[in-house]
Amino acid sequence: MISVIFNGKETVLDGEIALDEFLSARGFDPAEVIVELNGAVMEGEGHGGLLLKDGDLLNVFRIVAGG
Amino acid sequence: MGVNLFLSTPEREKLEHAVVGIAGAGGLGSNCAAHLVRSGVRKLVVADFDAVSAGNLNRQFFFADQLGRKKVDALRENLLRIDPELELVMHDVELTAVNAPEIFRTCDVVIEALDRASAKMMLIRTMLREGKKVVAASGIAGWGRSGRIGLVQAGEHLYLAGDGESAAEGGDGAYPVSPRVGIVAAMEANTVIALILGVEV
């Protein structure tokens, strides 16, 4: 079991899972979100096999139409 | 001299020397530009390929006698009426990942004020790759819920204003209207000025 802080809330996961899998399980379209992991904005949409680890700080921001 | 007579000399110098880019001259961009100019920013680089249409007047910084005019031309005219001594570089062009770096090359910070989600994302990512500070907007539509609009920082260089969810995509109340769009536009401008002056965003 690991614990990450996702959008400000402590979130317990079964184990280290791929960031991409975490996002898709929560219904995020990778083309429409800015992902910030441990203080850094991730480039691009796919994150390879990058795994979420215990204590990670993850913020996901939706970029929605309108301007 | 600028139109903001409240500024201290150091503040005036910082704002006069800043070059601010604005991607999009619609609901967010046109209003943001007005706020920046009234605050004392003198140099803007603005890009928008669209023309003023009747549906724009409910929120955009244009007027009924400007219908049909290119937004970059109409906006230039309106901004110069506030401060006749601005340095405005206006690009009547659709921004892409290819032309945006050159268009905003001289800018210290770029405001994302585009409409389609894919365009917003393209502009954010392109400008971050160029090492620019970016102030972007997401979630501006509808009425009320003013308190849900906020400003967050993502990483070192990106700021996001809006509520992060109210998309302007049609349907019940999912349209952009002046007050709420105005709040987000003002927030973007206020953030840019705070960055230029080096004060808390």
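Of the 201 residues of chain B, 54% count as buried. The model is predicted. Chain B contains six helices and seven strands. Along the sequence these elements follow the order α-β-α-β-α-β-α-β-α-β-β-β-α. The radius of gyration of chain B is 16 Å, close to the 17 Å that the globule rule gives for 201 residues, so chain B is as compact as a globular protein of that length. The C-alpha trace of chain B spans about 50 × 40 × 35 Å along its principal axes. Among contacts between residues at least 6 apart in sequence, 66% join residues at least 24 apart.

The interface was examined next. The size of an interface is often given as the accessible area lost when the parts come together. Chain A and chain B bury about 1800 Å² between them. Carbon and sulfur atoms carry 59% of that area. The contact draws 18 residues from chain A and 29 residues from chain B.

Polar interactions were then listed. Twelve residue pairs are in polar contact between chain A and chain B, with both residues at pLDDT 80 or more. The count of salt bridges between the two chains is one. In this salt bridge the side chains of Glu43(A) and Arg129(B) meet, with an N to O distance of 3.5 Å. On the side of chain A that touches chain B, strand 3 (33-37), strand 4 (40-41) and strand 5 (57-62) of chain A each supply at least two residues. Strand 3 of chain A gives the most, with three residues. By class, this side of chain A has ten nonpolar, four polar and four charged residues.

Backbone angles were considered last. Most residues other than glycine have a negative phi. Asn38(A) is not a glycine, yet has a positive phi of about 50°. Asn38(A) sits in the loop between strand 3 and strand 4 of chain A. Its relative accessibility is 44%, so Asn38(A) counts as partly exposed. In chain B, Arg145(B) has a positive phi of about 45°, although Arg145(B) is not a glycine. Arg145(B) lies in the loop between strand 5 (133-137) and strand 6 (150-154) of chain B. With a relative accessible area of 30%, Arg145(B) is partly exposed.

Methods
Residues are numbered from 1 along each chain as its sequence is written. Chains are lettered from A and ligands numbered from 1 in the order in which they are written. This is a predicted model: local features need pLDDT of at least 70, side-chain atom pairs count only at pLDDT 80 or more; totals for chains, interfaces and linings use all residues. Side-chain values use heavy atoms; hydrogens and water are left out. Contact means heavy atoms within 4.5 Å. Buried area is the accessible area (1.4 Å probe) that two parts lose on being put together, summed over both. A salt bridge is a side-chain nitrogen of Lys or Arg within 4 Å of a carboxyl oxygen of Asp or Glu. A polar contact is a pair of N or O atoms within 3.5 Å; within protein, one must be able to donate a hydrogen and the other to accept it, and residues adjacent in sequence count only if both atoms are side-chain atoms. Helices (H or I, at least four residues) and strands (E, at least two) are DSSP runs, numbered from the N terminus. Ala, Val, Leu, Ile, Met, Phe, Trp, Tyr, Cys and Pro count as nonpolar, Asp, Glu, Lys and Arg as charged, and the others, Gly among them, as polar. The radius of gyration is taken over C-alpha atoms; the globule rule is 2.2 Å times the number of residues to the power 0.38. Buried means under 20% relative accessible area, exposed over 50%, partly exposed in between (1.4 Å probe, protein chains only).
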